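Student: I am new to this structure. Please take one part of it and walk me through that part closely.

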Amino acid sequence: MPPTNNRPQHEPDNFAPDERPGADTYVYCKGCGTQLESRSRLQKPKVVVDVMMCEPCQQKHGHRLMPTPGSATFCYRCGGAEDIFMEPATTPVTHHLCSRCLPERAARYRAGDFETPLKQPVAEAPAPV
Ligand SMILES: [Zn+2]
Ligand SMILES: [Zn+2]
């Protein structure tokens with residue numbers, strides 16, 4: 001029996017590695033990109049991330065996780081400014097995305113393709129007759 005292929009329904013985050021020395025040992029403020037805290041705390045199981053911004057940004061935006069809609073955002077993983085993509089739809093969706101951490105998705109969004117790519121149906125061989 002092959003292992004069950006439990007693919008997640010949503011698109012997985014295949015983050016590109018951060019090449020900068022030590023950069024991936026921290027997480028960064030969503031509001032300004034400043035170093036927030038050591039990432040090691042977040043690698044423990046069952047840690048609830050309830051703060052994703054520095055103190056000044058929390059006060060500025062009145063929230064602990066995300067800047068107010070319409071504000072520039074920065075990547076939690078690398079601190080880089082995130083690109084903003086507008087997905088045209090009946091209800092347009094705004095995507096904030098770090099091109100450094102998710103280059104493939106950013107390229108796709110830039111090309112106007114907002115569909116979650118279908119994975120190659122590896123495990124979907126025709127049923128034996
Ligand atoms: Zn901040
Ligand atoms: Zn990033």
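Tutor: Let us start with the core. This is a predicted model, and its largest nonpolar core has 14 residues. The residues with the most contacts inside that core are Tyr28, Cys29, Cys75, Tyr76, Cys78, Cys98 and Cys101. As a general point, nonpolar side chains in soluble globular proteins tend to be buried together.

Take Cys101 from that list. Leaving aside neighbours within four places in sequence, Cys101 is in contact with Phe15, Ala16, Cys75, Arg77 and Cys78. Two of these partners, Cys75 and Cys78, are also on the list of core residues with the most contacts.

Now place the core in the whole chain. The protein chain has 129 residues, and 19% of them count as buried. Its secondary structure comes to two helices and four strands. Along the sequence, the pattern reads β-β-α-β-β-α. Contacts also reach across the sequence. Among contacts with a separation of 6 or more, 39% join residues 24 or more positions apart.

Strand 1 covers 26-28, and strand 2 covers residues 35-38. They run antiparallel, joined by three bridges. One bridge pairs Tyr26 with Ser38 in strand 2. The two strands form a hairpin with six residues between them. Gly33 sits in that turn, with a positive phi of about 85 degrees.

Gly33 leads us to Ala81. Leaving aside neighbours within four places in sequence, Ala81 is in contact with Gly33, Ala72 and Phe74. Ala81 itself belongs to the loop between helix 1 (55-61) and strand 3. Ser99 is 18 residues from Ala81 in sequence, yet their C-alpha atoms are 8.7 Å apart in space.

Next comes the second pair of strands. Strand 3 spans residues 83-87 and strand 4 spans residues 93-97. They too are antiparallel, with five bridges between them. Phe85 stands opposite His95 in strand 4. A hairpin of five residues links strand 3 to strand 4.

Both Phe85 and His95 turn up again at Tyr109. That residue lies in helix 2. Apart from neighbours within four places in sequence, Tyr109 is in contact with Phe85, His95, Leu97 and Phe114. Tyr109 has 19 C-beta neighbours inside 10 Å, so it counts as partly exposed; the buried label needs 20 or more. Tyr109 and Asp83 are 26 residues apart in sequence, and 10.0 Å apart from C-alpha to C-alpha.

Helix 2 runs over residues 103-110, and Pro103 lies in it. Pro103 is partly exposed because 14 other C-beta atoms lie within 10 Å. Its C-alpha is 8.3 Å from that of Phe15, although Pro103 and Phe15 are 88 residues apart in sequence. Recall that Phe15 is also a contact of Cys101.

Asn14 belongs to the segment before strand 1. Asn14 and Glu104 are 90 residues apart in sequence and 9.0 Å apart in space, C-alpha to C-alpha. Why does Asn14 count as exposed? The reason is that Asn14 has 10 C-beta neighbours inside 10 Å, and 12 or fewer makes a residue exposed.

Last, a word on confidence. The mean pLDDT of the protein chain is 86, and 84% of its residues reach 70 or more. Among the elements, helix 1 has the highest mean, 97. Strand 2 has the lowest, 91. Where pLDDT is low, the predicted coordinates should not be read in detail.

Note on methods. Residues are numbered from 1 along each chain as its sequence is written. Chains are lettered from A and ligands numbered from 1 in the order in which they are written. This is a predicted model: local features need pLDDT of at least 70, side-chain atom pairs count only at pLDDT 80 or more; totals for chains, interfaces and linings use all residues. A nonpolar core is a set of buried Ala, Val, Leu, Ile, Met, Phe, Trp, Tyr and Cys residues joined through C-beta atoms within 7 Å. Two residues are in contact if their C-beta atoms, placed from the backbone, lie within 7 Å. Two strands pair if DSSP finds at least two bridges between them. pLDDT is the predictor's confidence in each residue, from 0 to 100.
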